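Open the model in your viewer and keep the sequence panel beside it. Then follow the stops below.

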Amino acid sequence: MSSTIRPAVVLFGALTLICGVIYPFAVTGIGAVAFPDQAGGSIVEVGGKPVGSSLIGQSFTSPHYFWGRPSATGPMPNNGGGSSGSNLGPSNPALTDAVKGRVEALRAADPSNTAPIPVDLVTASGSGLDPDISVAAAQYQAGRVAAARKLDPAKVRGLIEAKRSGQVLGFFGEPRVNVLALNLALDAETGRTR
């Protein structure tokens, strides 16, 4: 019996050491060297004070700010520890009701805007944490934000273009705008603080 127990204990100890100690330290070390900003959470600071992360969406509700994608995380929106999609299918009445509510909120916030609402403003991403919106979603909100901040709409559209990110490697995905970066640029432009 001891001839089977001893190798099992040695194998258990070796795998625990490799998988539980060496591998996590190696991956953490490589991440810290190769991607220091991302490994540190991509924390954005203004005046030495952290205001958010460029990798995790935030809930902006003031008309003075651009709004990001809805979050499907629980128990609160944009919960990095609870990353997940809503798992609601297109025929689910709960999703239909949620989208209708989001459309109504967008229309109420800017009743003069009759343009079609971009889909990413009313549906959550797969992670529920998307920090970016499409350029169309930013352009859709430009009039509301310009009016709330008493800015020229062309100036706001210029900020959108300045914060626009292209496709990854020139062909993956779509052009997008980081909502936190855009809102911080607006604050810097108008001298407003969060």
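Select strand 1 and strand 2 together: they form a hairpin, with 2 residues between them. This is a predicted model. Now pick G47 in the turn, where phi is positive, about 60°.

Which way do the two strands run? Strand 1 and strand 2 (residues 49-53) are antiparallel. They are joined by 4 bridges. Next, highlight V46 and look across to strand 2: K49 stands opposite. Keep a rule in mind as you look along a strand. In a regular strand, side chains alternate between the two faces of the sheet.

Step back to S42. This residue sits in the loop between helix 2 (36-39) and strand 1 (43-46). Is S42 buried or exposed? S42 has a relative accessible area of 3%, so it is buried, as the limit for buried is under 20%.

Jump to K150. Look for this residue in the loop between helix 4 (135-149) and helix 5 (153-162). K150 is not glycine either, and its phi is positive, near 55°. K150 has 75% relative accessibility, so it counts as exposed; the cut-off for exposed is over 50%.

Last stop: select L17, I18, V21, I22 and F25. These residues form a nonpolar patch on the surface. Together they have about 490 Å² of accessible area. Zoom in on I18, which lies in helix 1 (residues 2-34). I18 counts as partly exposed because its relative accessibility is 45%.

Conventions. Residues numbered from 1 in each chain as written. Predicted model: local features only at pLDDT ≥ 70, side-chain atom pairs only at ≥ 80, totals over all residues. Heavy atoms only, no water. Buried < 20%, exposed > 50% of the residue type's maximum accessible area, 1.4 Å probe, protein only. Patch = residues over 30% accessible without salt bridge, like charges linked within 9 Å, V, L, I, M, F, W, Y side chains within 5 Å. Areas by Shrake-Rupley, 256 points an atom, 1.4 Å probe, with all protein chains shown as cover. Salt bridge = Lys/Arg side-chain N within 4 Å of Asp/Glu carboxyl O. Pairing = 2+ DSSP bridges.
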